[in-house]
Structures are given as C-alpha cells and as structure tokens.
Amino acid sequence: MARWLKVDVDIMSKQAIRAVARDCGCDVANAVLAWFRLYSWLDEQTADGRLETTHAELDAVAQLPGIAASFERSGWLSFDGDTCTVTNWDEHNGQCAKRRAEKARMMTRLREERRAAGIEVRPCPQMPRRK
C-alpha cells in the first residue's frame, strides 16, 4: 500500500505555516517543505500522534531550526516534558482518516466512471459537519 500524507490544498495560506515562515526566517514554500519533512517522519514514528521527542530533534528532522516551537505556539504541537502530541492527529493523519480519504477518492473515481458510461449518478447527500 502506498504511503501518503493528507495535505490541504490551501496549506500555504494556513496561519501556522505562515507563522513558521515568519518565526524561522524562511519563505512559505520552505516552511511547507519543513512541515512535510516533519509530518512524514512523524507518520513513521507514531500511530496516535504522541511520541517522546524534543524540540531540537523535531527541528533537526524538519531541517528548520525553530519549527517545533513555532508549531507549539500555533497549537499544532504540544509538549508535556519530553512527550510531544500532534494536535488532531487522528482527524488528519491516523489510519482512520487515511481510510476515509481513500474511500472518498475511490467513490469519486467510481462516480466519474459511471457518468462517462452514461449511467445516472445521484448526488451524495451532504452529511452535517461536526463542530
């Protein structure tokens, strides 16, 4: 099975990413690259978004000094001693989130194939959003 990360198409406009760029003295594109390095590594290290690590180790993984502290200020990471927790890990990066995204992509592809074959496809009912 392919390994992947869920990335919002508007990641470059996320306040936390822009804060990393400002805090670490880099442009937004390099902040996104550092985020990708960090979250790719985290995806390998934790199933639940919690792991024992330090700011310095996360900075080294991302290859951007100060990124861990910046994400902590933005609320994307929290530290309790040497335990780091990635905020909303299960919602965005856990296996359930990946399965949901994979299923949504599969259903979109199936609907497109049916439309191309001339089969009527009814729109999906909208689910209420969680607050």
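This is a predicted model: local features need pLDDT of at least 70, side-chain atom pairs count only at pLDDT 80 or more; totals for chains, interfaces and linings use all residues.
Helix H2 comprises 18 residues, 28–45. The distance from its first C-alpha to its last is 25 Å, close to the 26 Å expected at 1.5 Å a residue. Eight positions of H2 are listed here by name as buried: Ala31, Val32, Ala34, Trp35, Leu38, Tyr39, Leu42 and Asp43.

Two packed helices are described by the angle between their axes and the distance between the axes. For H1 and H2, the angle is about 110° and the axes are 8 Å apart. Angles of 65 to 115 degrees count as roughly perpendicular, and H1 and H2 are therefore assigned to that class. On the H1 side, the residues that meet H2 are Ile17, Arg18, Val20 and Ala21. Their counterparts in H2 are Val28, Ala31, Val32 and Trp35. Of these H2 residues, Ala31, Val32 and Trp35 are buried.

In soluble globular proteins, nonpolar side chains tend to be buried together. The largest nonpolar core of the model contains 26 residues, and the members touching the most others are Tyr39, Leu42, Leu58, Phe71 and Leu77. At least two residues of this core come from each of H1 (15–24), H2, H3 (55–62), H4 (67–74), S2 (77–80) and S3 (83–86). The contribution of H2, seven residues, is the most from any element.

The loop between H2 and strand S1 (50–52) includes Thr46 and Gly49. Buried residues are those under 20% relative accessible area; Thr46 counts as buried because its relative accessibility is 9%. A polar atom of the Thr46 side chain lies 3.0 Å from the backbone oxygen of Arg50. Apart from residues up to four places away in sequence, Thr46 touches Leu51 and Trp89.

Gly49 is likewise buried, since its relative accessible area is 0%. With neighbours within four places in sequence left aside, the contacts of Gly49 are Cys84, Thr85, Val86 and Trp89. The C-alpha atoms of Gly49 and Val86 are separated by 5.0 Å, although the two residues are 37 residues apart along the chain.

Key. Residues are numbered from 1 along each chain as its sequence is written. Side-chain values use heavy atoms; hydrogens and water are left out. Helices (H or I, at least four residues) and strands (E, at least two) are DSSP runs, numbered from the N terminus. The expected span of a helix is 1.5 Å times one less than its number of residues. Buried means under 20% relative accessible area, exposed over 50%, partly exposed in between (1.4 Å probe, protein chains only). A polar contact is a pair of N or O atoms within 3.5 Å; within protein, one must be able to donate a hydrogen and the other to accept it, and residues adjacent in sequence count only if both atoms are side-chain atoms. Contact means heavy atoms within 4.5 Å. A nonpolar core is a set of buried Ala, Val, Leu, Ile, Met, Phe, Trp, Tyr and Cys residues joined through side-chain atoms within 4.5 Å. Axes are lines fitted to C-alpha atoms, for helices over the stretch in contact, and angles run from 0 to 180 degrees between N-to-C directions. Angles under 35 degrees count as roughly parallel, over 145 as roughly antiparallel, 65 to 115 as roughly perpendicular and the rest as oblique.
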